Amino acid sequence: MRIALAVEYDGSGFRGWQKQPGGGTVQDALQDALQQFAMMPVQVVCAGRTDAGVHATGQVVHFDTDLDRSMYAWVRGANTFLPAAVAVRWAQAVAGDFHARSSAYARHYRYLMINRPHRTGAWHGRVGWYHHPLNLAKMQAAAEKLLGERDFSAFRAAECQAKSPVKIMHRADIRRFNDLLVFDFEASAFLHHMVRNLVGSLVEVGQGKHPPEWIAELLARGDRRLAAPTFAAAGLYLTTVRYLPHWGLPSSDGTLFLPCGLNL
């Protein structure tokens, strides 16, 4: 049987998603919990690998098992053994050819940033922070340059293992709620550090270092060295992985409930 799970986690205390020597990753925590419940080895595959300090509210994984348990039991069983910072939201039996990564047609990331002179205490580890005033209109105009099928080499980490830098950006917008900036990006797939690199360059536009057209120039030139530094991991969330209806999955949309009372 192949089973899909939706998982949410606070990435602050983890070394990222991907299993690695020495442990300390979200994959390690999830596999250990599933193995304790199933009392047999379990290997999970995720829809999108997240870096150290990056969070998820709608991560999707799949695994194969011979154990016959209800979907409710898989959720309760995994959550019993998971650390407090990781939780399974739902479990669903899927067809044998379903694949959490390759069956997905889009992913949605959200970046939360506090834009004010002083840093946050209550949201430490949950949001990014930038202390200089930012021009929202210029940033929104720059974000529009990202839409469509683009070569995102200028926003690709050197260690990225993706076969192609060309992705389709379906959504790229920025909103302000008082001191909070909300960046939303939805694309067919993302390159390593792509969202954080995009945020870093958009911030430089908002600060007035570059005009909005600079983003188009970066895309055209495809040189990572010309773009801004990678922005902090703390404010990044993988919120949704999208699949076609025929897979029969519940929605993986992970709504963010914020202390300020905004339901994003």
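## The largest pocket

In this predicted model, the largest pocket holds about 980 Å³ of space, where a pocket is an open set of points on a 1 Å grid over the protein atoms alone, with protein on both sides within 12 Å along at least five of seven lines, and where a volume is the space filled by probe spheres (of 1.4 Å) set on points joined across faces, edges and corners. Its lining consists of 34 residues, those with an atom within 4 Å of a point, and Gly48, Arg49, Phe190, Leu191 and His192 lie nearest the centre of the pocket. The elements that give two or more residues to this lining are strand E5 (106–115) and helix H4 (194–207), and H4 provides the largest share, three residues; helices (H or I, at least four residues) and strands (E, at least two) are DSSP runs numbered from the N terminus.

By type, the lining residues divide into 14 nonpolar, 10 polar and 10 charged, with Asp, Glu, Lys and Arg counted as charged, Ala, Val, Leu, Ile, Met, Phe, Trp, Tyr, Cys and Pro as nonpolar, and the others, Gly among them, as polar. Because domain 1 (2–102) and domain 2 (105–238) both give residues to the lining, the largest pocket lies between them.

## The annotated residue Asp51

UniProt, in an unreviewed entry, lists Asp51 for "active site", although such annotations may be inferred rather than shown by experiment. Asp51 is placed in the loop between strand E2 (45–46) and strand E3 (55–64), and, leaving aside neighbours within four places in sequence, Asp51 is in contact (heavy atoms within 4.5 Å) with Gly16, His192, His193 and Arg196.

## Domains and overall form

The chain is divided into domain 1 (2–102) and domain 2 (105–238), with bounds that come from an automatic or database domain assignment. The C-alpha centres of the two domains lie 27 Å apart, and 16 residues of domain 1 are in contact with 13 residues of domain 2. The C-alpha atoms of the chain fill a box of roughly 60 × 40 × 35 Å, taken along the principal axes, and the chain has five helices and 10 strands.

## Basis of the values

Residues are numbered from 1 along each chain as its sequence is written. Local features need pLDDT of at least 70 and side-chain atom pairs count only at pLDDT 80 or more, while totals for chains, interfaces and linings use all residues, and side-chain values use heavy atoms, with hydrogens and water left out.
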